[in-house]
Amino acid sequence: MSRRAVIEAVGHAVPAKVYTNEELAREKGIDTSDEWIVQRTGIKERHICTGDEGCHSLAIEAGREALRRSGLQPSDIEMVIVGTVSGDYIWPSTACFVQDALGIKNAGAFDVSAACAGFIYSLANATALIETGVIEHALVIGVDALSKQVDWTDRSTCILFGDAAAAVVVSAVEGGDRGVIKTVMLSDGSGAPFITNDAGGTKYPPNCVAPEGIKYGIQMKGNEVYRFAIKAMGDACEKVLLEAGINASEVDLFVPHQANLRIIDAAAERFKFPSEKVFVNVHKYGNTSGGSIPLALYEAVETGRLKPGMLVLTVGFGAGLVWGANLIRW
Ligand code: UT7
C-alpha cells in the first residue's frame, strides 16, 4: 500500500501527584506492602488525579502537546479519536471535549471503548480512515483515570491502576516504508465478567437500588485476567507478525501494555526479545489502561529508544475481553 498512516508526533499528560506503594497504602488505608506489590506486579508508584484533574483534562493536555509538536494547525486535523473507558461523563464523548478545547473545527470526534486495548483500536481506526483516503490527519489519544473507578477497599485491584494520557498525530504519507504496517484486533465477550464495573450504566443506573453484590467500581478476577493476558498478548503478537510476514527477530522495540511486569516478561520471553528491546515503565505509572501504550511510546521517543525507521510492536489487552497488536514502522 503506498498511502500509509504515519505517527508524526507524540504528546503526554500525567497528574503531578505521585503515590509510592507505601504512600498509597497509608493514605487509602490498604492492608498491603511495597514488597507484595513490587513482587507481584513490578509497580513502585503511580500518578493519581487530584482536584479538578480527570480524564478530560489529561486528554486535552496530551492532545495539545502532540498537536504542537506535529507543527500542524488545529484546522488540519480531520478526526479526533479517544480510547477511554473513564470519560468525565458517560456521554458525550471525551473526543468532543478535546475537539472543542483544542479548537479543532473541521473534524469528526468519537471515543473507542476497548479498555487497555483502547489505543490499539483507536490507532487502527485512524489508520483505516487515512489509508482509504477519508482523512489526512488524525489526533489519536489513549487516556484513563481509573483511580476514580477503583474500589479502594479491594486491595487486589486498587493498587494496580494509575492515571495518564498520551496522544499521537497520525498523518497520511504517500510512499516510503514508515507507518502502521498491520493491526490485529480480537475479542471474547464471554470473558466480560473477568473485569467489570457493574453499576452506573443503564442496567443499574446510579440512582437505582442495585441487587446484592452489584456496585460501582472496578471488579476483577485477577487470576483469570492474568492467565488470559499471558496467552492473549503472545497470540496477538504472533498473528500480527505472521500476517505482516515479519519475523520477531526483526522487531526493534516491543511496547506492551504496562499492566504487570510478570505479564510483560512472559510475552517478551515467548518471542525471545532481549531486555533492551522491551520497553517497560509500569514501575513508574502502574496500569494506566488506555494511556499505557501511547505513554510508553512517548517515553521511548523521549529517551531516544524509539527513532524514525525502527520497527515497533505494540500489544494490549483489557476488559471486554479485548486484545490486539499494532506493528508500526516508526
Ligand atoms: O489491564 C488489565 C488489568 N488487569 C491485569 O492485568 C491483572 C492481571 N492479574 C494480576 O496482575 C494478578 O492476578 C494480581 C496482581 C492482581 C494478583 O496477583 P496474584 O499473584 O494473582 O495474587 P492472588 O490474587 O492469587 O492473591 C494471592 C494472595 C491472597 O492471599 P491468600 O488468599 O493467599 O492468603 C490475596 O489475598 O495475595 C493476597 N493479596 C494481597 N496481599 C497484599 C491480594 N492483593 C494483595 C495486596 N497486598 N495488594
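Predicted model: local features only at pLDDT ≥ 70, side-chain atom pairs only at ≥ 80, totals over all residues.
User: Thanks! How many residues does helix H5 have, and how far does it reach from its first C-alpha to its last?

Analyst: Helix H5 covers residues 118-131, so to speak a run of 14 residues. From first C-alpha to last it reaches 20 Å, close to the 20 Å expected at 1.5 Å a residue.

User: Is H5 mostly covered or mostly open?

Analyst: Mostly covered, with eleven of its 14 residues buried. Among the buried ones are Phe119, Tyr121, Leu123 and Ile130.

User: Switching topic: which residues come nearest to the ligand?

Analyst: There are 21 residues around the ligand, and Thr32, Arg40, Cys116, Asn223 and Asn260 come nearest.

User: And how far is the side chain of Asn223 from an oxygen atom of the ligand?

Analyst: An N or O atom of the Asn223 side chain is 2.6 Å from a ligand oxygen. For His257, a side-chain N or O atom is 3.0 Å from a ligand oxygen, and for Asn287 a polar side-chain atom lies 2.9 Å from one.

User: How much of the ligand does the protein bury?

Analyst: The protein buries 73% of the 960 Å² that the ligand exposes when taken alone.

User: Which element gives the most to the shell?

Analyst: That's H7, with four residues. Helices H2, H6 and H8 each give two or more as well.

User: What kinds of residues are in the shell?

Analyst: Nine are nonpolar, eight polar and four charged. Domain 1 (3-176) and domain 2 (180-329) each supply at least three residues.

Conventions. Residues numbered from 1 in each chain as written. Heavy atoms only, no water. Near = heavy atom within 4 Å. Polar contact = N/O pair within 3.5 Å; in protein donor to acceptor, adjacent residues only side chain to side chain. Areas by Shrake-Rupley, 256 points an atom, 1.4 Å probe, with all protein chains shown as cover. Nonpolar A, V, L, I, M, F, W, Y, C, P; charged D, E, K, R; others polar. Domains from an automatic or database assignment. Expected span 1.5 Å × (residues − 1). Buried < 20%, exposed > 50% of the residue type's maximum accessible area, 1.4 Å probe, protein only.
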